[in-house]
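Subject: Structure handover

Hello,

Please find the structure below. My notes on it follow, for reading alongside the model.

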Amino acid sequence: MTLLITIFAACITTILWYKNAPNDSMNLGFLALMYWGASLMWMCDAVFEYKELGAEFFAPETADMINDGFLGLSVVALGMVIWIVRLIVKDPKGIVRKTISKSIK
Amino acid sequence: MACFLVPAGEAIVTIVLTKAFKSKEKAELEVSKEEIHEAVSSKIPFSKKLSWLNNMLWGGSALLAFEHVWHGEVVAWFPFLTAMESHDEAIAMLHEMSTVGVSMAVLVTAVWGIMAMASDIIMKKQELDEVSGLEPIKVEDSLED
């Protein structure tokens, strides 16, 4: 579930990045790479788990699925928080700087 | 258990490499601005490509670290990894790092390698298209002359 949710997040972010490319003022490329990195790592983890469990890997318990689903959503949320913090710190459009200087005046 | 530590370790190495390549490229740019301008316009700098790998490794490691916190495998107090509390679990953790962790790092690096190669091929193709697009104009110009 966690892997699936992260792959969906990576795909959606990549589509949004592609739609706006070559303009990447929102740093969506960073978010897409972050989700893809995590997806690849979990994919690796899933392969090892499949090797260990066999077909049982595809029939998880309901409680495990719900827990993994919550984890997946939390991971996506954490990724977005990291991306937003980086966006505000880097401030590629200069919006934060303009807002602060305006509020001082 | 602690498989994310292997890609995180690789990320530290790639960050150092990115900084080294960036400063090297900057120094080259100062030596001959025009030559480098031509090179940059037709090829993506290696430091830029390395930054893609950095983002994948750091991002992936951070999100995986969160998963380990979720499962109670990483804690806020020393030794930070619950597997370090017993000898058997520590051995199992090291085994997982050497198998799953190394595979994760290799897979991410392999995908990055494919991305870097594909970007080079795309840039070369674009360059060739531009050159082939210019040729008929040159022939027409020469005919008119």
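**Between the chains**

Across the interface of chain B and chain A, the rule finds 0 salt bridges (a salt bridge being a side-chain nitrogen of Lys or Arg within 4 Å of a carboxyl oxygen of Asp or Glu). The count of residue pairs in polar contact between chain B and chain A is 2, both residues at pLDDT 80 or more. A polar contact is a pair of N or O atoms within 3.5 Å; within protein, one must be able to donate a hydrogen and the other to accept it, and residues adjacent in sequence count only if both atoms are side-chain atoms.

Before the rest, the conventions. This is a predicted model, in which local features need pLDDT of at least 70, side-chain atom pairs count only at pLDDT 80 or more, and totals for chains, interfaces and linings use all residues. Residues are numbered from 1 along each chain as its sequence is written, chains are lettered from A and ligands numbered from 1 in the order in which they are written, and side-chain values use heavy atoms, with hydrogens and water left out.

Which residues of chain B lose the most area to chain A? The area buried between chain B and chain A is about 2000 Å², and carbon and sulfur atoms give 83% of that. Buried area here is the accessible area (1.4 Å probe) that two parts lose on being put together, summed over both. In chain B, the residues that lose the most area to chain A are Asn55(B), Leu63(B) and Trp70(B), together 31% of what that side buries.

The contact (heavy atoms within 4.5 Å) takes 23 residues from chain B and 20 residues from chain A. Helix 3 (46–70) and helix 4 (87–144) of chain B each supply at least two residues of the side that touches chain A. The largest share of that side, 13 residues, comes from helix 3 of chain B. By class, the side of chain B that touches chain A has 15 nonpolar, 7 polar and 1 charged residues. Nonpolar covers Ala, Val, Leu, Ile, Met, Phe, Trp, Tyr, Cys and Pro; charged covers Asp, Glu, Lys and Arg; the others, Gly among them, are polar.

**Chain B as a whole**

Chain B has 4 helices and 0 strands, where helices (H or I, at least four residues) and strands (E, at least two) are DSSP runs numbered from the N terminus. Of its 145 residues, 30% count as buried, that is, under 20% relative accessible area, with exposed over 50% and partly exposed in between (1.4 Å probe, protein chains only). Of the contacts in chain B with a separation of 6 or more, 81% are between residues 24 or more positions apart.

The contact lists below leave out residues up to four places away in sequence.

- Phe30(A) is in helix 2 (residues 28–53) of chain A. Phe30(A) counts as buried because its relative accessibility is 12%. Phe30(A) touches Ile82(A), Trp83(A), Arg86(A) and, in chain B, Asn55(B).
- Ser39(A) is also found in helix 2 of chain A. Ser39(A) is buried, at a relative accessible area of 0%, and touches Leu3(A), Thr6(A), Ile7(A) and Ala10(A).
- Thr2(A) lies in helix 1 (residues 2–20) of chain A and is buried at 7%. The side chain of Thr2(A) reaches the backbone oxygen of Asp68(A) at 3.1 Å. Asp68(A) is among the residues that Thr2(A) touches, with Trp42(A), Leu71(A) and Gly72(A).

Regards
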